Every structure is written in C-alpha cells, then in structure tokens.
Amino acid sequence: MNPTVLAHADLDFNAPLSDARAEELIAALAPLAAAEVVDLGCGWAELLLRLLEAEPTATGIGIDSTAEELSRSRRNAAARGVGARVRLVQDDITNRTETADIVLAIGSSHAWGGTRQALEAIRPRLRRGGRLLFGDGFRAAAQPPNDLGVDMSLAELVELTEKCGYRMLRLATANTDEWDSFESRWCAALEKWLLQNPTAAEHAEVRALVHEHRTRWLREYRGVLGFAYLVLTPDS
Ligand SMILES: C[S@@+](CC[C@H](N)C(=O)[O-])C[C@H]1O[C@@H](n2cnc3c(N)ncnc32)[C@H](O)[C@@H]1O
C-alpha cells in the first residue's frame, strides 16, 4: 500500500483542475490535428487521455516515474479506446529528448530543479510553432510562509517564461473551488481507507499523513499558493 498513490484515488487530475478548465485548456492548445503530444510527468495521464479523446488524429507519449500511476493510465486508456494512440512510459523525464508539437508539463517542474530549469529544458523539446501547457505554482499572497517552494508572483512567472524564450497564448489560474475540491478529495480517499481498514498496520501512519496534509493545506497554503496554467509557444 502506497499512501500517496492511495490519496490520489478520488482525484481526476493530480492538480487543482476542473473538468471545465481542462476542456478550455485543451481547446487553447489547438490546432491538434495529427499532433504528436508528450506529457512530461503525466501521472495517470488524465489530461493527455482527454486530449486524445477530443482529437482522434493526435497521438501521445506519457512519461512518469511512478509505476502505479502509469498502470492507472493504461487501464483508463484502454477503457476509453485510445490505447492504440498512446505510449505510457516509466522513465525519468529529465532524460527525455524527443520533440513534439504539444508538450504538457503540469506540476512536474520540480523534476528539473525548479521553474526556470524546467522551462529551459522543455524549450528544445518543442517543434517550431509548437505549444507548451505549463502548470506551475506561484505566490498568490503577499507574505507566504518560507517553505512553500514558490517565490514568484504570477507576473514574475509569466516574465520568466518570456526570458526563457516563450510567448504566452493563454493564462488561467486555479480558483478556490478547484483547490478545495483537489485538496479535500486527496484527504477523503485516505479518510475512506481509514474507515474501511480500522485494524490495518498502517492505520496510524495514514491518519497522521491525512492530518498533516489537511493542516498544511488549511493553515499554510490555502489562498497563499497559486497554480497557473500557461499555454506557451516558442518565441520564433
Ligand atoms: C503533481 S504530479 C502531476 C501529474 C499530472 N501532470 C497531472 O496533472 O495529473 C507530478 C508528477 O511528476 C512525476 N515526476 C516527478 N519527478 C519525475 C521525474 N524525474 N521523472 C518522471 N516523473 C516525475 C510524479 O511521479 C508525478 O506523477
């Protein structure tokens, strides 16, 4: 039992992202006809699978280091009839060198060591005229606690994308409902497991994990941590 994977059981995406916003972002990545799409840090690849469902001529590769999440993505791909158009690969995304028309990188910038490093590493992966959907954190309130791992405002994040050789085509940010849905569903999967497994050896560990997560969310980063979805294209 991997408690972190268990905590994802009730989530649609491993990010504060609603169905409506996912649909808007896929539309903002157009044109998608015959596009080759790479999802770097795909998790269970929900957005990639939705994109492939929306555009029957697109093909995709989803890459992630977590085997359990990839198993979920393979089951979902088969169930939705897009399995033949997607490869789901267990690998370190920082080692990947393929190019694509569309790159998705949502919540995975830490793999490269931070936002700037991620933007720089992904830029050569985009073909001419390609689009990157980049999802990353930003400082939404004036004085965040020091350990949130984000020190940039939204404006600074967008300015950084320009410095790294991109032009912005679309900006969206997760709203409070998306955050609350994401965080409370993360906790709820563990709460359900606690109810169903009262005598399990991991009971105390899982209870402590959900308590810590809920406390950090409500006391430290709710309203302070923002999450941006930027559709970017290479600058020339
Ligand atoms: C916050 S999750 C986002 C998942 C997905 N993009 C989504 O929005 O649902 C970040 C993902 O990056 C993956 N990841 C982190 N570092 C990685 C690395 N070096 N190589 C491959 N995957 C990595 C994690 O396993 C995790 O699934």
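The crossing of helices α7 and α8 is left-handed, a term used when the near helix is turned anticlockwise from the far one by less than a right angle. The model is predicted, with local features needing pLDDT of at least 70 and side-chain atom pairs counting only at pLDDT 80 or more, while totals for chains, interfaces and linings use all residues. Residues are numbered from 1 along each chain as its sequence is written.

Helices (H or I, at least four residues) and strands (E, at least two) are DSSP runs numbered from the N terminus. The axes of α7 (residues 176–196) and α8 (residues 203–221) come within 10 Å and cross at roughly 160°, where axes are lines fitted to C-alpha atoms, for helices over the stretch in contact, and angles run from 0 to 180 degrees between N-to-C directions. The two helices are therefore roughly antiparallel to each other, the word for angles over 145 degrees. Among the residues of α7 that meet α8 are W186 and L190, and those on the α8 side include V210 and W217; contact here requires C-beta atoms, placed from the backbone, within 7 Å.

Turning to the sheet, seven strands form an open arrangement in the order β3-β2-β1-β4-β5-β7-β6, with mixed pairing, and two strands pair if DSSP finds at least two bridges between them. The edge strands, each pairing on one side only, are β3 (86–90) and β6 (166–173). Strand β6 runs antiparallel to β7 (residues 225–234), to which seven bridges join β6, and L171 has L230 in β7 as its bridge partner. Helix α4 (residues 67–79) lies across β2 (59–64) and β3, running at about 170° to β3.

How values were computed
Angles under 35 degrees count as roughly parallel, over 145 as roughly antiparallel, 65 to 115 as roughly perpendicular and the rest as oblique. Two residues are in contact if their C-beta atoms, placed from the backbone, lie within 7 Å.
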